[in-house]
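Here's a quick briefing to read with the model open beside you. Take a look at the fold first, then work through the notes.

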Amino acid sequence: MIDRAIHALLARATMGLSPAALGLAFADWGMHLAASPGKVASLGVLAAQMQGQWLRYAFDLGAHALLTDATPCPACVTPPASDRRFAAPQWQQFPFNLIAQRFLLRERLVDAAAHGVRGVSPHHEQVVAFMVRQWMDMLSPGNFFWTNPEVLERTLSTGGANLAQGLRNWQDDAQRLLDNRPPQGVEQFRPGHEVAATRGRVVLRNRLIELIQYSPTTPTVHAEPVLITPAWIMKYYILDLSPHNSLVKYLVDQGHTVFMVSWKNPTADDRDLGMDDYLRLGPLAALEAVNAIVPGRKVHGVGYCLGGTLLSIAAAALAGRGDERLASVSLFAAQTDFTEAGELTLFTDESQVSFLEDLMWSQGFLDTAQMAGTFQMLRSSDLIWSRMMRDYLLGERAPMNDLMAWNADATRMPYRMHSEYLRSLYLRNALAEGHYKVDGKPVAVENVTAPWFVVGTETDHVAPWKSVYKIHLLADSEVTFVLTSGGHNAGIVSEPGHPHRHYRWAVHPGGRPYVDPDHWVALAQAEEGSWWPRWSAWLQSKGSGDRVAPPPCGSIDHPPLADAPGDYVLQR
């Protein structure tokens, strides 16, 4: 008890990061580097080469200036298109082009030092590389007043008004943080009004979920209903944002009967709810209700992110019992194998999980701010430093939109459930390896005979698409895999008509040889636009093809309790 209390206090100061885990990683790297004179020498040679590149670049700039040659000099380092830190034309002016190139060269040198040290465990190497990247992101010249030409130009042109506005922005953010209020502009997107506005009724409420049945908008509907299980780490209305980009509204307008799980935002009183509770009170309870409201019909199960993992567990458990109520299983940015689960695995070794468990033990839950900090670190350059530069140095505010407002409306996670989730899936990879138990019996994804429709997103930092793709190694039935543009959220909220959207898709029949993801990309069919219409058509093809009158709202055992979006989604 004493140890856990001390760990919990320390975790609050470190935002949940285990000093022991970080110390072990750097000690492993440092000791092996010290014992590798060849690696040290190669880094010295690389540093000298980079210094020579930079000096030649500086000389070329000077020569161009003397000759009044306006053609740009070839850069030492060309950052990837996704790195927009130095994309503004002001960064091409002297001396800021020199400053940017020196920083980019140093960034490459530091990355080279973190990687390729013989003997360092792969996990420790990834931790060291991640942490030094955080330091380099923080030290970028774009984050400082005197080395950012955009800020200097704005300050001169406005007489410092940008800095005054930036100070006001900082004061507002600080006050909102102290008052535990959401960011400015969130109040423009209220669930049940501007977002989560698709008409429906709550037809089931238990300790953990509300089940929403949406009202039909077509005279007849497809016979098989759709049951969506979102992640409990997020409010469900990521799938029911504004009317123009609501996946729920799109499905209803296509003639589907849609049911949505809305998770309760847990408090310390829910600390002992576990994964079994989330399975039993979540998708399984919702499936029972859907079967009562739409009797005699199979159900299309849909899961997003963690909700997709939970749906996979539910489908495997049902298949193990010979229960064939699922007509199909659709997974959006959801993992079933966690061996390559991206940079989140850096926070899920034994030391880190134990440290996080002690923090949750003291609180009863993992707080929203603690989770948000972890996700922001995955893309700190975009989500932390670039935003701070824009808000506080340029004095600008990015206009609030529905997706940003939803992202600020986060949820907590109970102590026991999150501990079991991290240990069973991230640490032990129990579902993929066949030792995840439901009701005391191991379940296996291979037992699911229903077809799969699985969506990965190209720039997903939470569930990397190659990790999502591993469903091909587990499922024995047909898998239709879609790789869409965008990230973990924006790739899923990809309504028809959204500009610059594209996707690839291919069908893998059960029983055929495995195709690795790199070859899959070369073989898959490329399409422009949204993947939603293809999925809607796929759902129809995996049903009976019958069109029937819309089912009643609720049933005798599940009478309507309230209008959508219900009560749970409004909990803070």
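The notes below go through the sheet, the aromatic contacts, the first helix and the cysteines.

This is a predicted model, so a quick word on ground rules: local features need pLDDT of at least 70, side-chain atom pairs count only at pLDDT 80 or more, and totals for chains, interfaces and linings use all residues. Residues are numbered from 1 along each chain as its sequence is written, and side-chain values use heavy atoms, with hydrogens and water left out.

**The sheet**

- Helices (H or I, at least four residues) and strands (E, at least two) are DSSP runs, numbered from the N terminus, and two strands pair if DSSP finds at least two bridges between them.
- On that basis, 11 strands make up an open sheet with mixed pairing, in the order 15-14-13-12-7-6-4-5-2-1-17.
- Its edges are strand 15 and strand 17 (562-563), each of which pairs on one side only.
- Strand 13 runs antiparallel to strand 14 (residues 502-508), with six bridges between them; here threonine 480 sits opposite valine 507 of strand 14.
- Strand 14 also pairs antiparallel with strand 15 (residues 525-528), this time over four bridges, and histidine 502 has glutamate 528 in strand 15 as its bridge partner.
- For a parallel pairing, look at strand 4 (residues 226-229) and strand 6 (residues 299-304), joined by four bridges; isoleucine 228 faces valine 302 in strand 6.
- As a reminder while you look, side chains in a regular strand alternate between the two faces of the sheet.

**Aromatic contacts**

- Rings of Phe, Tyr and Trp (its six-membered ring) pair if their centres lie within 6.5 Å; planes under 30 degrees apart count as stacked, over 60 as edge-to-face and the rest as tilted. That rule gives 27 aromatic pairs.
- One of them is phenylalanine 338 with tyrosine 421, an edge-to-face pair at 6.4 Å centre to centre and 90° between the planes.
- This pair links distant parts of the chain, 83 residues apart: phenylalanine 338 is in the loop between strand 7 (326-332) and helix 11 (350-363), while tyrosine 421 belongs to helix 15 (residues 415-427).
- Phenylalanine 338 is buried (under 20% relative accessible area; exposed is over 50%, partly exposed in between, with a 1.4 Å probe and protein chains only), at 3%. Tyrosine 421 is buried too, at 4%.
- Tyrosine 469 and phenylalanine 481 are also edge-to-face, because their ring centres are 5.1 Å apart and their planes meet at 85°.
- Tyrosine 469 is buried at 1% relative accessible area, and phenylalanine 481 is buried at 0%.
- Trp232, Trp263, Tyr278, Phe338, Tyr421 and Tyr426 form one aromatic cluster.

**Charges over rings**

- A charge sits over a ring if NZ of Lys or CZ of Arg is within 6 Å of the ring centre and within 35 degrees of the ring normal.
- Arginine 102 does this over tryptophan 54, 3.8 Å from the ring centre.
- Arginine 412 has its charged end over the ring of phenylalanine 365, 5.6 Å from the centre.

**Helix 1**

- Helix 1 (residues 2-13) has 12 residues and spans 17 Å from first C-alpha to last, close to the 16 Å expected at 1.5 Å a residue, taking 1.5 Å times one less than the number of residues.
- Just after helix 1, methionine 15 has a positive phi of about 55°.

**Cysteines**

- There are zero disulfides, a disulfide being a pair of cysteine sulfur atoms within 2.5 Å.
- Cysteine 76 has its nearest cysteine sulfur, that of cysteine 73, 9.7 Å away.
- Cysteine 76 is buried at 18% relative accessibility, whereas cysteine 553 is partly exposed at 35%.
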